[in-house]
Amino acid sequence: MLPLVALLAAGAAAIYVFRFPAAERAEVAPPVAVRPAAATDPTPPPDPAPAAPAASLDAAGWTAFRDAEGSRSIYVSSSQGDDERDGLAPERAKRTIAAGYALVRDGRGDRLLLRRGDSWDEAIGLISKSGRSAESPQLIASYGESGDPPLLRTGDRSAAWLFKEKVPPVVRHVAIVGIDFAASARDPSAPGFAPPRELTVGLFVLHRIENLLVEACRFSWYGQGLAITGEGEGHRDVRIRRCVVIDSYAVAGHAQGMFFSKVDALLLEENILDHNGWNEKVAGAVPNIFRHGIYIYQDCGGVVLRGNIVARSASHGCQARTGGTIEGNLFVENAIGLYFTTGGAMSGNVVLDSRDISAGEPRGIGIELRGIGERGATISENLVARTQSRGPRAGILLDSTGGTSIRNVTLAQNTVCDAGVAVEIQGSDFEGVRFEQNRFVQRDRSLKSLVVATEAPRGGIRFAGNRYFAAVPESRWFAAGSRRLSFAEWVRLAEESDAEKDTARFADAERTLATYQASLGREKTVASFFAEIRKQTRHNWRAEYTAAKVNAYLRAGFQPAEQEPK
């Protein structure tokens, strides 16, 4: 029987269980209490940390590394290796990862290289050694001119972990690049599959780490693809780039694609996250409000999310509870595309086809803002389009109920089209909130109003220069409390003398992921798009399946019809 380590989420009903090989029993930390993911938390977040040092990228956008003086490379091949060899050349490769990692020296910038095209029924295990510097980290990567990325089938165990026993106080300068990790025993198509009772994490970091890079890795079938959390001073300079995290699920526990807590200077860039938090093929692995694509706890700082694709999450595409800089991402078919608190900047994102969590838990929300303090936020040039929800449905939701408030927020030049109620405003605790030059369009005649507020707009919320259109009679375009307001009544009540009626004409508002596929000469289905983004690897990285390219195509369709798409 494999040993178990349980983390009980205080105040929650779920137990997190992580499984490790018996050989690592002494190197597993004792149970640790994890903060509950409460809807509100009176503890203020830390001041934003400076961004991680800019990494050197090559022409293709991959992190470049430098050989440290005196460093060495250790080669491992499951098909050609032998643990009796010294592992210091490809023709003298070790066979097992454990034998190779044993040769990695602490603080020297050594490289553990796994042969492309090979596979192991083995995990990396405990990461206990540091690299030399940010430019010369301890690197776990691949070698070879061809073949698929090295595949590590870890069964129902974690792929790699860092706990505080038998390691230095801080582990620094670690990079894991181009490895495919699969919780193979959790794959519902595996022979003899049985629904797992535990929540297994792909990369689990609890002990303090500084300068961690995970790039071009794949995590499949885990309960959580990556979980980086901790105690005390926490972690610093964590970069997750161009990884593919898919099919995370749990029967019991809070499944996520990625979870972060106690991290200062966190970069998530150009990752693909698809179908995380649930699995319709596994009994009990159902969507619920605790299962997400990305969850960033409010004790993180210096957060940047840039150019990620987050699709089909059980609930939220991303819960950014510490705010930060969120730019150029694509959120598609999530119950709530993006939940944003604390403050920062959100710009250039596309949120598409939000849906319900389940029939009994309607959502269909594009962007939700809540609990934004004096730091304030700028929400600009985002596109929220369409909804699959049968529930309340809102393109942008501002919620100041439950003792929260929203301060110093500017929402400018956003487009919301056919996403349900374009703007819903709940509560009354607002100050310094401005809607400026946005375009709010709803062509669905079944909806009651375009802008809905629990109270009439007052001094805490101002509207200026926005454009409006709804397919319902103009007398019902707006609602404030129990009152229905026409466009003219709204202009007087909101003191928005420069408001305009929109034409509801776009260059091509029928653009979808299916039509994007067709524009590439591929099968015209959304399913084929999801299949293609999952194929992204370091040696098969296609620009057409990045958020930048997809968003540019979608956004061009929602330009005013009077303009040619850029």
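Reader: Leaving aside its neighbours within four places in sequence, which residues is F435 in contact with?

Author: This is a predicted model, and in it F435 is in contact with L398, L411, V423, I425, F440, I461, R462, F463, A464 and N466.

Reader: Which residues touch the most other members of the largest nonpolar core?

Author: F435 is one of them, along with F181, I240, F260, I296, L369 and Y468. That core has 111 residues.

Reader: And which strand gives the most to this core?

Author: Strand β29, residues 365–380, with 5 residues. There is also a second, separate core of 27 residues, and L352, V441, L513 and A547 are among its members.

Reader: OK, zooming out. How many helices and strands are there in the protein?

Author: 5 helices and 42 strands.

Reader: What share of the residues count as buried?

Author: 60% of the 566 residues. The accessible surface comes to about 21400 Å², and carbon and sulfur atoms account for 49% of that.

Reader: Of the contacts between residues at least 6 apart in sequence, what percentage join residues at least 24 apart?

Author: That figure is 73%.

Reader: Where is A507 placed?

Author: A507 is in the loop between β42 (500–501) and α3 (513–519). It counts as partly exposed because its relative accessibility is 31%.

Reader: Let's do rings. How many aromatic pairs does a search of the whole structure find?

Author: It finds 21. One of them joins F529 and F530 in an edge-to-face arrangement, 6.0 Å centre to centre with 65° between the planes.

Reader: Are F529 and F530 buried or exposed?

Author: F529 counts as buried, at 0% relative accessibility. F530 counts as buried too, at 4%.

Reader: How is the pair of F529 and Y545 arranged?

Author: That pair is tilted, with 5.9 Å from centre to centre and 50° between the planes. F529 lies in helix α4 (residues 526–533) and Y545 in the loop between α4 and α5 (547–557), so the pair ties together parts that are 16 residues apart in sequence. Y545 is buried, with a relative accessible area of 0%.

Reader: Which residues do ring pairs link into a cluster?

Author: F435 turns up again there, together with F440, F463, Y468, F469, W477, F478, F487 and W490.

Reader: What about charges over rings? Which ring does the charged end of R186 sit over?

Author: The ring of Y249, at 4.5 Å from its centre. There is another case with R511, which lies over the face of Y553 at 4.4 Å from the ring centre.

Reader: Where does S389 sit, and what else is around it?

Author: S389 is in the loop between β30 (383–387) and β31 (394–399). Leaving aside neighbours within four places in sequence, S389 is in contact with S354, R355, D356, R363 and G364. At 5% relative accessibility, S389 counts as buried, because the cut-off is under 20%.

Reader: Backbone check. What's phi for T342?

Author: Near 75°, a positive value in a residue other than glycine. T342 lies in strand β27, residues 336–347, and T342 is buried, with a relative accessible area of 12%.

Reader: And what's phi for A504?

Author: Phi of A504 is near 60°, again a positive value in a residue other than glycine.

Reader: Is A504 buried or exposed?

Author: A504 counts as buried, with a relative accessibility of 15%. A507, at 31%, counts as partly exposed.

How values were computed: Residues numbered from 1 in each chain as written. Predicted model: local features only at pLDDT ≥ 70, side-chain atom pairs only at ≥ 80, totals over all residues. Heavy atoms only, no water. Helix = DSSP H or I, 4+ residues; strand = E, 2+ residues; numbered from the N terminus. Buried < 20%, exposed > 50% of the residue type's maximum accessible area, 1.4 Å probe, protein only. Contact = heavy atoms within 4.5 Å. Areas by Shrake-Rupley, 256 points an atom, 1.4 Å probe, with all protein chains shown as cover. Core = buried A, V, L, I, M, F, W, Y, C linked by side-chain atoms within 4.5 Å. Phe/Tyr/Trp six-rings, centres within 6.5 Å; stacked < 30°, edge-to-face > 60°. Lys NZ or Arg CZ within 6 Å of the ring centre and 35° of its normal.
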